[in-house]
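These are my notebook entries on side chains, written while I went through the structure one residue at a time. I began with charged pairs and then turned to rings.

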Amino acid sequence: MKKLPFSVTFFLLFAIALLPIFSDLFHPLQLVKNEGNTLTERIDTPFKFKRIEVEKGSFADYIRSYPLKPAVNPLFLFNGEKKQNQDAHCAIFALPIQNESQTDSGSIIALYAEYMYKMGMDEKITFHLTNGENLKWTDWQKNAEYGRNFRSSLAGNLKKWTKYEKKAGKTERLQSFQNYLKKVLANTSILSMQTYETATTTFAALQIGDILWDLGKPGHLCLVVDICVNPETSEKAVLFAQGFSPAQEFHIIKNPKRINDPWYHEEDFAFPVETPEYVFPNESWKHAKYLDN
């Protein structure tokens with residue numbers, strides 16, 4: 001067998017030695033794909049990791065199945081302008097922006113509210129406003145129906161046929177819910193969420209739908225939208241999504257420590273934790289109680 005020249009041998013050994021340093025640059029697996037209409041279709045798990053099992057129809061299943069905008073789409077603000085920073089996200093949820101109040105906490109509230117509405121959980125749709133008032137969707141519906149009946153009676157007495165004499169259909173009900181949600185978003189905040197809607201949890205107990213939290217100034221929230229685990233090592237990794245200020249489309253963020261991997265691995269949680277647009281100074285995890293019994 002012919003012996004390799006010393007220069008070739010040296011180059012090969014040098015390249016092998018540097019391989020771990022540059023492995024991310026030439027990673028054979030791009031975890032974020034251009035194709036796929038949902039989170040699970042668009043974003044693969046890291047090597048050897050598997051997504052945790054979730055119950056069909058659960059909030060976790062809802063997030064995983066939530067429609068994403070096409071990969072080529074830019075991220076927009078509530079006013080229709082493009083966000084200046086287009087490098088922080090790797091996917092955008094097709095979650096409608098109700099108004100300029102739908103920032104970080106507002107996006108999370110909107111997602112939970114929409115889920116409960118679509119699943120017919122009317123009794124669970126209730127949010128505490130910053131003044132402590134508990135605004136219930138069922139009460140909002142009753143008030144809307146009372147107003148409709150009053151106008152219908154008035155129109156009948158005047159012998160005029162109006163839209164108010166028709167029973168509220170799906171379109172009218174959806175419009176009423178959107179008006180309710182706008183009211184909620186305009187009168188809630190990170191502080192009201194902390195006071196009334198969340199409980200302290202830990203990374204070990206983390207669930208999809210929980211929140212990485214900072215109540216500092218300016219303060220920020222990131223929602224855990226997926227979790228995967230390496231069955232060989234039990235290492236956990238999570239995906240984060242966020243809204244921001246000014247109000248903007250809800251989006252899955254990148255991990256600035258990893259080039260081809262948006263997942264945040266356990267080893268990345270040496271606080272302060274850096275995300276593309278915010279640094280979380282302390283380990284603060286919150287469980288959202290909206291779906292608790």
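**Entry 1: a charged pair across the chain**

I looked up glutamate 277 and found its relative accessibility to be 26%, so I noted it as partly exposed; here buried means under 20% relative accessible area, exposed over 50%, and partly exposed in between, computed with a 1.4 Å probe on protein chains only. The model is a predicted one, in which local features need pLDDT of at least 70 and side-chain atom pairs count only at pLDDT 80 or more, while totals for chains, interfaces and linings use all residues. Residues are numbered from 1 along each chain as its sequence is written, and side-chain values use heavy atoms, with hydrogens and water left out.

Which residue forms a salt bridge with glutamate 277? I found that lysine 83 does, with the closest N and O atoms 2.7 Å apart, where a salt bridge is a side-chain nitrogen of Lys or Arg within 4 Å of a carboxyl oxygen of Asp or Glu. This pair links distant parts of the chain, 194 residues apart, since I located lysine 83 in the loop between α3 (59-64) and β2 (89-92) and glutamate 277 in the loop between β11 (273-275) and β12 (278-280). The helices (H or I, at least four residues) and strands (E, at least two) are DSSP runs, numbered from the N terminus. Lysine 83 has 9% relative accessibility and therefore counts as buried.

**Entry 2: other salt bridges**

I noted that the structure holds 10 salt bridges. One of them joins lysine 118 to glutamate 114, with 3.7 Å between the closest N and O atoms. Because these two residues are 4 apart in helix α4 (residues 104-118), about one helical turn separates them. Lysine 118 counts as exposed at 54% relative accessibility, whereas glutamate 114 is buried at 12%.

I also wrote down that Arg51, Arg64 and Asp226 are linked in a network of salt bridges.

**Entry 3: aspartate 268**

I placed aspartate 268 in the loop between β10 and β11, and I recorded it as buried, with a relative accessible area of 5%. Its side chain meets that of arginine 258 in a salt bridge of 3.0 Å, N to O. The side chain of aspartate 268 also makes a polar contact with the side chain of asparagine 255 at 3.0 Å; such a contact is a pair of N or O atoms within 3.5 Å, where within protein one must be able to donate a hydrogen and the other to accept it, and residues adjacent in sequence count only if both atoms are side-chain atoms.

Not counting residues up to four places away in sequence, aspartate 268 touches Asn255, Lys257, Arg258, Trp263 and Val273, contact meaning heavy atoms within 4.5 Å. From aspartate 268 to lysine 257 I read 7.9 Å, C-alpha to C-alpha, although they are 11 residues apart in sequence.

**Entry 4: lysine 236**

What is the nearest side chain of opposite charge to lysine 236? I found glutamate 266, which is 6.0 Å away, and lysine 236 is buried yet has no salt bridge; Lys and Arg count as positive and Asp and Glu as negative, while His and the chain ends are not counted. Lysine 236 is in strand β8 (residues 236-242), and a polar atom of its side chain lies 3.2 Å from the backbone oxygen of alanine 204.

Lysine 236 also lies over the face of phenylalanine 203, at 4.9 Å from the ring centre, the rule being that NZ of Lys or CZ of Arg is within 6 Å of the ring centre and within 35 degrees of the ring normal. I found lysine 286 over the face of tryptophan 213, at 5.9 Å from the ring centre.

**Entry 5: aromatic rings**

I counted rings of Phe, Tyr and Trp (its six-membered ring) as paired if their centres lie within 6.5 Å, with planes under 30 degrees apart called stacked, over 60 edge-to-face and the rest tilted. By this rule there are 23 aromatic pairs. Tryptophan 137 lies in helix α5 (residues 137-157) and tyrosine 180 in helix α6 (residues 170-186), so the pair ties together parts that are 43 residues apart in sequence. Tryptophan 137 is buried at 0% relative accessibility, and tyrosine 180 is buried at 0%.

I then looked up tyrosine 264 and phenylalanine 269, whose ring centres are 6.4 Å apart with planes at 35°, so this pair is tilted.
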